[in-house]
Structure formats: C-alpha cells, structure tokens
Amino acid sequence: MKTQPLPPEAYGLSRPSHTSRPSRRRVLAAGLVSALLAPLAACGRKAPRAQPIAPGATVLALGDSLTSGVGASPDAAYPAVLQRLTGWKVINGGVSGDTAAQALERLPALLQTHSPALVIVSIGGNDFLRRQSASVTRTHVRQICEQARASGAQVLLVAVPELSLMAAAGRLSDHAMYEEIASALKIPLHSKGWADVLASEHLRADSVHANAAGYAQFVEGLVVTLKAAGLLATG
C-alpha cells in the first residue's frame with residue numbers, strides 16, 4: 001500500500017498560491033536588474049564640475065597662429081580679448097606655424113614660468129594642413145592636456161577644423177579627435193569655435209586666419225563654454 005504524503009497544512013505551512021509566484025519572480029527580477037544597472041550608472045556619471053578661475057588668476061592660451069593673433073593687431077588676438085572680458089591674466093602662448101609636437105615641446109617651460117590655473121589648448125591646424133599623421137597628432141594633443149593637468153592646472157580643449165582650406169566653400173567641421181580626447185580625459189571641450197569663424201568670409205583675414213571680428217566672435221563663444229563648464233563665474 002503506497003503512503004500518500006501529508007499536505008503542507010499538516011506541518012503548519014500554508015499552501016502556496018498561484019498568485020504569489022509571479023510576485024516573487026518580479027521581486028527577484030527587480031533586484032537583479034538593480035544590481036546589474038548600479039555599476040553602469042556609476043560608469044555613466046559626469047566628471048566633477050570645474051572650479052571657477054578667480055579674477056586675476058593666470059591662464060595660459062597654448063596654440064599656433066590662431067592663438068598668437070595672425071590677421072589682427074596684438075590687442076585683438078583672442079587671448080587679449082579674453083583677458084579684457086574675464087579679468088584673468090591671459091598669457092598668449094601662441095606661436096605661428098607650430099604643430100602639436102612643437103607646442104608639446106614648449107609646454108613644460110611655459111608651465112614652470114607661469115604656473116597657470118587654467119590652460120586653454122588650441123592646436124593641430126598646422127598638422128592637418130601639412131597632412132601629418134592624425135594618430136600622431138592625437139597623441140601629442142592628448143599629452144599636452146595630460147601634462148597641463150598634471151601641473152595642477154585645469155584644462156579646456158578647443159576643437160580645430162580638420163581642413164581649413166574648405167573655408168572658401170563655407171564648409172568646415174571639427175576634427176573628431178578633439179571630442180574623443182575631451183571625453184577620454186573628462187575635460188571640457190569648446191567645439192565649432194574656429195570652424196564657425198573660418199567658414200565665414202567676413203570673419204577671416206585670409207583662408208586660415210581670423211580677423212579682429214573673427215577673434216572677437218571666437219571669444220564670445222568661448223566665454224559661453226567657460227561658463228557652462230564652471231570655469232568662469234556666471235555672476
């Protein structure tokens with residue numbers, strides 16, 4: 001004779017209902033999803049907001065002829081205009097004709113001499129015009145940003161158009177490497193500043209340099225980016 005198992009009630013247990021099982025599964029599933037998404041949420045967090053640069057602080061503008069101000073008088077170069085608008089002491093570290101490699105070579109002495117609170121990096125145009133390796137240029141631009149940050153300075157990267165010779169046709173776009181570097185290093189990027197200026201005939205002194213109006217427009221956009229990044233107080 002086969003013995004029948006006793007029902008759960010005989011042991012003081014309640015019989016599971018059909019409605020409790022989906023509810024339990026939902027709870028377990030929700031817990032699993034939360035556990036899986038938590039690391040992803042941490043990875044997707046934005047970099048800490050930048051610290052405002054105080055009036056009177058030293059800022060280094062590192063670059064080439066677009067930084068030195070070719071095409072306009074010295075007081076119309078973008079570092080001079082930026083100094084007037086912000087109250088910062090902006091060092092014009094632009095050398096006409098410089099490549100990213102040359103700017104990288106000059107950087108240590110500039111950092112040691114000026115101890116800037118912020119370095120604005122705008123370099124690479126001559127690399128593009130000379131058809132130098134994009135991967136080498138990318139490495140040099142990234143090293144500039146890394147060295148500047150290692151000195152204790154905050155860094156803002158300025159995107160440069162890939163082919164300035166397209167300015168005559170009014171079609172310029174930033175080289176993709178700048179967004180890639182800014183994203184990888186979690187530093188602010190000023191995009192479309194030079195592209196918009198050099199694509200406009202009335203803002204250029206020649207095909208690859210801005211005029212006074214062009215430098216002024218560049219700084220207007222740069223100030224917006226500086227404020228958005230938290231580097232320049234909005235008050």
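**Entry 1: α3 against α9**

I started with the contact of α3 with α9, where Y78, V81, L82 and L85 in α3 meet Y215, F218, V219, L222, V223 and L226 in α9. For contact I took heavy atoms within 4.5 Å. I was working on a predicted model, in which local features need pLDDT of at least 70, side-chain atom pairs count only at pLDDT 80 or more, and totals for chains, interfaces and linings use all residues. Residues are numbered from 1 along each chain as its sequence is written, and side-chain values use heavy atoms, with hydrogens and water left out.

Next I looked up the geometry. Two packed helices are described by the angle between their axes and the distance between the axes. The axes of α3 and α9 come within 9 Å and cross at roughly 50 degrees. That makes α3 oblique to α9. Angles under 35 degrees count as roughly parallel, over 145 as roughly antiparallel, 65 to 115 as roughly perpendicular and the rest as oblique. The axes are lines fitted to C-alpha atoms, for helices over the stretch in contact, with angles from 0 to 180 degrees between N-to-C directions.

**Entry 2: ring pairs**

I found five aromatic pairs in the structure. Y78 and F218 form an edge-to-face pair, because their ring centres are 5.0 Å apart and their planes stand at 65 degrees. Rings of Phe, Tyr and Trp (its six-membered ring) pair if their centres lie within 6.5 Å, and planes under 30 degrees apart count as stacked, over 60 as edge-to-face and the rest as tilted.

Y78 lies in helix α3 (residues 78–86) and F218 in helix α9 (residues 212–229), so this pair ties together parts 140 residues apart in sequence. Helices are DSSP runs (H or I, at least four residues), numbered from the N terminus. Buried means under 20% relative accessible area, exposed over 50% and partly exposed in between (1.4 Å probe, protein chains only).

I then turned to F128 and Y178, with ring centres 6.4 Å apart and planes at 90 degrees, so this pair is edge-to-face. F128 is in helix α5 (residues 125–129) and Y178 in helix α7 (residues 176–185), 50 residues apart. F128 counts as buried at 7% relative accessibility, and Y178 is buried at 0%.

Back at Y78, I saw that ring pairs link Y78, W194, Y215 and F218 into a cluster.

**Entry 3: T67**

I found T67 in helix α2 (residues 65–68). T67 counts as buried, at 0% relative accessibility. Leaving aside neighbours within four places in sequence, T67 has contacts that include Y78, P79, N92 and S122.

**Entry 4: α4 against α6**

Last, I checked helix α4 (residues 100–114) with helix α6 (residues 134–150): they pack at about 10 degrees, with axes 9 Å apart. α4 and α6 are therefore roughly parallel to each other. Their contact has 10 nonpolar, four polar and no charged residues.

How values were computed. Helix = DSSP H or I, 4+ residues; strand = E, 2+ residues; numbered from the N terminus. Nonpolar A, V, L, I, M, F, W, Y, C, P; charged D, E, K, R; others polar.
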